[in-house]
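Here is a short tour of one model, meant to be read with the structure open beside it.

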Amino acid sequence: MIIAQTGHRLPPGDAKIAVAADEFPCTGTVIFDAWIGNFDRHRRNFHYDEEDKRLYLIDHGNSLIGQNGISRFTDLANKIGIYASTHDIARELKGWQHFDEWEGRILALPEYLIRHAMEAASDEIDRDEQTACIDFLLDRRLRLRNLFAEAQCDPDVFPNAGSPLFKIEKKDDSEPDYYI
Amino acid sequence: MIRSLTTTSSEPSNDTVRCWIVQHIADSFRKESRNVGVIVQRGKAFDARFVGESSELEFDDRKLRFLRHPKVYRNWVRYWRRLIQDHEREIDTELSADQDGNFRVIDGGAINRAGADSIESICEYAFAMLVSHGGLGEALHALELGEEPHVVLRESIAREFRSTGLMGGSQNLFGRNPIVANQSIIGNRTVHEFSFTQRHTSLDLIEPLNLRTTQKRHAKDRAGWMAYAFNDVQQSSKRECEIIPFVIAEIPEQRDEVTEYCLNTLMGIATVINWDDLSERGRFLKERQSAAA
């Protein structure tokens, strides 16, 4: 993240420009935020660099347990957890052609890596919270497809992706889950 | 022309020009700032100028060596430029929102008695006064004692051509009929260099003329030169296509004797575009775009 490299604050992002320039990382951002339960992606929490064509994500303080603690996971259980009003990129997203690629990437993340990332946050969260976060992430990545299938045409979440060329199909629950 | 910079904020109107100063703070602990740009507003019109940017809005990294992270600065400049073009946002709130980073925008007060000057020339003045090292001397030089009074207008036109993708050059290699700057054209008696030319089915010659200048004699001379040069090129026997001259002029609302003289001199020779009339300017740019395609 450039802010860490330079120590300089970046200008607010423009989701319209980012989505028009490259929808692939924007789709990835939306799926990632839904996975970690981060509703807060207003324009001061991301930056699209027009020179190197990269999307930088800033501030994830409202993700996972956020300000409310473990009870937040119960609230998020069957919800996508992002809204067009607080997520600029979700608001501008046009379609779902990159969904499969990003879902695949998240499913391919090794479980040990997720555990390690949560354990590395031991200064910020206690052991119970770490365990809850790990369980939440491992469980939620398997349900991302169904959460998106339900929300993909919801105008309060994705007002500009109303008639997608690519439609996300729900997963058949009888299919075995897979992850590494 | 006499102007003064005051520190009093005021509502933007056509008489008062609002000014913001863009500052870079290299060290957030020491909080020592350096002015790196100005943004000015007159009514609904905005203009801005930043250190290291050419008149064609390209960055010269050699002039950004004082910055530790020039790329971050370039990103901020793009953001501010977009902001002043986006009329839906509350500009005052947006500009003052980022105060605790390495770049911030502060209220620079108002510029009084700007008269009939264009927003571009006011921006040049504010930049010279507040940002570049020249200070007042440079500000006056740019506006009154500079090479020629039409230079600021020519740069403003070049910026407009550049931002609409009309200008030929490294950024526009594939335009079919781009506008080219400073091209020499053979006339009947001699060779003339025109500020802008565009070749398509005809050869269009485009020259700026500042009729608001206090250097009235210069304006008269320039109008006379234009009439002669346009005629000379039109009379060249070697010319195979039609020659169409245009004069882009800044015309004062109260037309004086010199303005009338210049416009009469060019009447029937060139089409005069009033650059301050935004609909006329828009029509002209649209015609250039059709010719370029």
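In this predicted model, helices H3(A) and H8(A) cross in a right-handed way. H3 covers residues 23-36 of chain A and H8 covers residues 127-151 of chain A, and their axes come within 9 Å at a crossing angle of roughly 130°. Because of that angle, H3(A) counts as oblique to H8(A).

Which residues make the contact between H3(A) and H8(A)? The table lists them by helix.

| Helix | Residues in the contact |
|---|---|
| H3(A) | A:Ile31, A:Ala34, A:Trp35 |
| H8(A) | A:Leu137, A:Arg140, A:Arg141, A:Leu144, A:Leu147 |

Sorted by class, this contact of H3(A) with H8(A) holds six nonpolar residues and two charged ones, with no polar residues.

Now for a pair of strands, also in chain A. Strand E1 (residues 46-49) and strand E2 (residues 54-57) of chain A run antiparallel to each other and pair over four bridges.

Finally, the two chains. How many residues does each chain bring to the contact? Chain A supplies ten residues, and chain B supplies twelve residues.

Key: Residues numbered from 1 in each chain as written. Chains lettered and ligands numbered in written order. Predicted model: local features only at pLDDT ≥ 70, side-chain atom pairs only at ≥ 80, totals over all residues. Contact = placed C-beta atoms within 7 Å. Pairing = 2+ DSSP bridges. Helix = DSSP H or I, 4+ residues; strand = E, 2+ residues; numbered from the N terminus. Axes fitted to C-alpha atoms, helices over the stretch in contact; angles between N-to-C directions. Parallel < 35°, antiparallel > 145°, perpendicular 65-115°, else oblique. Left-handed = near helix turned anticlockwise from the far one by under 90°. Nonpolar A, V, L, I, M, F, W, Y, C, P; charged D, E, K, R; others polar.
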